[in-house]
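Subject: Structure for you to look at

Hello,

Here is the structure I said I would pass on. Please open it first, then read the notes below it.

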Amino acid sequence: MGKEQGQKSGQDKEQELDLWNPWEEEEEPEVWIDYICVKCGMMDPVPEFIVAECSYELEGGESPEFFCPVCNGTLVRKEEPADK
């Protein structure tokens, strides 16, 4: 007796899953960049894609500035990540 018609092996199911969502296993972890307020010192992590989009018209080596959600001061890029 072989496989019944309609049953799928594990490999067939994996291939079917890949067809429905080919990016499922390729998802990269989100990268955060630390910004710190020059006025109150609050640290606020910003997603890398937001920084990249805001850097579009800046010169090379420049980093965008954001507004602090606490005191409305200026957030600037922190030199070293918080985990170091």
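Does Tyr 35 count as buried or exposed? Tyr 35 has a relative accessibility of 0%, so it counts as buried, the limit being under 20%.

Before going further, note that this is a predicted model. The mean pLDDT of the protein chain is 77, and 62% of its residues reach 70 or more. Among the elements, strand S3 (residues 66-67) has the highest mean pLDDT, 94, while helix H1 (residues 10-20) has the lowest, 56. Where pLDDT is low, the predicted coordinates should not be read in detail.

Now the core. Eight residues make up the largest nonpolar core: Ile 33, Tyr 35, Cys 37, Val 46, Val 51, Phe 66, Cys 68 and Leu 75. Strand S1 (residues 32-37) supplies three of them, the largest share. In soluble globular proteins, nonpolar side chains tend to be buried together.

Next, the strands. S1 and strand S2 (residues 43-47) run antiparallel and are joined by five bridges. One of the residues to look for is Trp 32, whose bridge partner in S2 is Pro 47. The hairpin of S1 and S2 has five residues between the strands, and Gly 41 in this hairpin takes a positive phi near 85°.

Then the aromatic rings. The count of aromatic pairs is one. Tyr 35 and Phe 66 form an edge-to-face pair, with 5.0 Å from centre to centre and 80° between the planes. Because Tyr 35 lies in strand S1 and Phe 66 in strand S3, the pair ties together parts that are 31 residues apart in sequence. Phe 66 is buried as well, with a relative accessible area of 16%.

Last, the cysteines. How many disulfides are there? The count is zero. For Cys 37, the nearest cysteine sulfur is that of Cys 71, 3.5 Å away. A disulfide requires the two sulfur atoms to be within 2.5 Å, so Cys 37 is in no disulfide. Cys 37 is buried, at 4% relative accessibility, whereas Cys 54 is partly exposed, with a relative accessible area of 39%.

Regards

Notes. Residues are numbered from 1 along each chain as its sequence is written. Side-chain values use heavy atoms; hydrogens and water are left out. A nonpolar core is a set of buried Ala, Val, Leu, Ile, Met, Phe, Trp, Tyr and Cys residues joined through side-chain atoms within 4.5 Å. Buried means under 20% relative accessible area, exposed over 50%, partly exposed in between (1.4 Å probe, protein chains only). Helices (H or I, at least four residues) and strands (E, at least two) are DSSP runs, numbered from the N terminus. pLDDT is the predictor's confidence in each residue, from 0 to 100. Two strands pair if DSSP finds at least two bridges between them. Rings of Phe, Tyr and Trp (its six-membered ring) pair if their centres lie within 6.5 Å; planes under 30 degrees apart count as stacked, over 60 as edge-to-face and the rest as tilted.
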